[in-house]
Amino acid sequence: MEQQSPLAGITVVEFGNTIAGPFTARILGELGAEVIKFEPANGGDPVRKWPRPYVDGMPAPFQALNRGKKSVTVDLRDEDQKEALFRFITEKADVLVQNTRPGGMEKLGLGATALCAAAPRLIYCNITGFGHAGPLKDLAGYDPLIQAFAGIVSVTGEADRPPSRVGVSIVDIATATWATIGIQAALLRRVNTGRGGVVDASLFE
């Protein structure tokens with residue numbers, strides 16, 4: 001008898017770009033969730049424009065991070081589209097994953113406070129550079145920057161040569177892994193309580 005995927009029946013909405021957010025949603029998709037990736041109408045996820053190698057006319061990293069997802073473009077400056085998106089998330093989504101610039105989703109009326117108030121079962125995952133509290137919380141983060149800021153670069157490289165970043169985006173990948181663990185824990189808690197909540201993961205932490 002074929003075994004059902006662990007997250008079958010779970011709907012994930014992704015507002016992700018580059019690596020950390022998309023990889024989080026990709027893991028959830030591999031576990032059986034339906035992932036719907038919402039992208040800006042003016043070009044979409046920046047990884048779509050990364051250089052070669054290409055697979056089927058698309059950068060290989062984009063394919064690797066977003067395979068199996070449904071993709072929808074949305075213009076969040078359009079009030080009708082934004083209202084329709086709000087309804088879709090609050091009525092259909094189990095999980096929302098976002099790694100946009102700090103404060104961006106709140107300005108659009110799509111932050112955790114507004115959406116979780118309208119849909120208490122929603123699990124809302126923020127992935128930021130420096131976390132949701134503290135003096136650096138409003139700053140954007142990026143894997144190479146965090147590698148340098150956290151000191152990883154200082155212990156990486158070759159003897160008698162300048163320090164260098166780790167070639168693989170280990171900060172993004174590790175953050176996505178912790179975000180996924182937090183989301184799964186929140187899903188398990190929801191089974192017992194009926195309520196969702198907020199998961200915060202940060203590159204620096």
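Author: The predicted model holds 0 disulfides, a disulfide being a pair of cysteine sulfur atoms within 2.5 Å. Take C116: the closest cysteine sulfur, in C125, is 11 Å from its own, too far for a bond. C116 is buried, at a relative accessible area of 16%, and C125 is buried too, at 0%. (Buried means under 20% relative accessible area, exposed over 50%, and partly exposed in between, with a 1.4 Å probe and protein chains only.)

A word on the ground rules. Residues count from 1 along each chain as its sequence is written, and side-chain values use heavy atoms, leaving out hydrogens and water. Since this is a predicted model, local features need pLDDT of at least 70 and side-chain atom pairs count only at pLDDT 80 or more, while totals for chains, interfaces and linings use all residues.

C125 leads us to V97, which touches it along with V12, V13, E14, F15, G16, G21, T24, L28, I127 and I183, leaving aside residues up to four places away in sequence. (Contact means heavy atoms within 4.5 Å.) V97 also stands out in the largest nonpolar core, which has 23 residues: together with V12, L28 and V95, it touches the most other members. (Such a core is a set of buried Ala, Val, Leu, Ile, Met, Phe, Trp, Tyr and Cys residues joined through side-chain atoms within 4.5 Å.) At least two residues of this core come from each of α1 (20-30), β6 (95-98), β7, α7 (170-193) and β8 (197-202). The biggest giver is α7, with 5 residues. (Helices, H or I with at least four residues, and strands, E with at least two, are DSSP runs numbered from the N terminus.) There's also a second, separate core of 18 residues, whose members include F15, F38, V74 and L122.

Let's stay with α7 for a moment. Among its buried residues are V171, A179, I183, L187 and R190. Their cover includes α1, β6, β7, α6 and β8.

(Rings of Phe, Tyr and Trp, the last by its six-membered ring, pair if their centres lie within 6.5 Å; planes under 30 degrees apart are stacked, over 60 edge-to-face, the rest tilted.) F15 and F38 have ring centres 5.6 Å apart and planes at 20°, so they're stacked. F15 sits in strand β1 (residues 11-15) and F38 in strand β2 (residues 34-40), so this pair ties together parts that are 23 residues apart in sequence. Both F15 and F38 are buried. Then there's F130 with F149: centres 5.4 Å apart, planes at 80°, so that pair is edge-to-face. F130 is in the loop between β7 (123-128) and α6 (143-150) and F149 is in helix α6, so here the parts tied together are 19 residues apart in sequence. F130 is buried at a relative accessible area of 8%, whereas F149 is partly exposed at 48%. Back at F15 and F38, ring pairs link those two and F88 into a cluster.

Stepping back, the protein has 7 helices and 8 strands, and 40% of its 205 residues count as buried. Of its contacts with a separation of 6 or more, 68% are between residues 24 or more positions apart.
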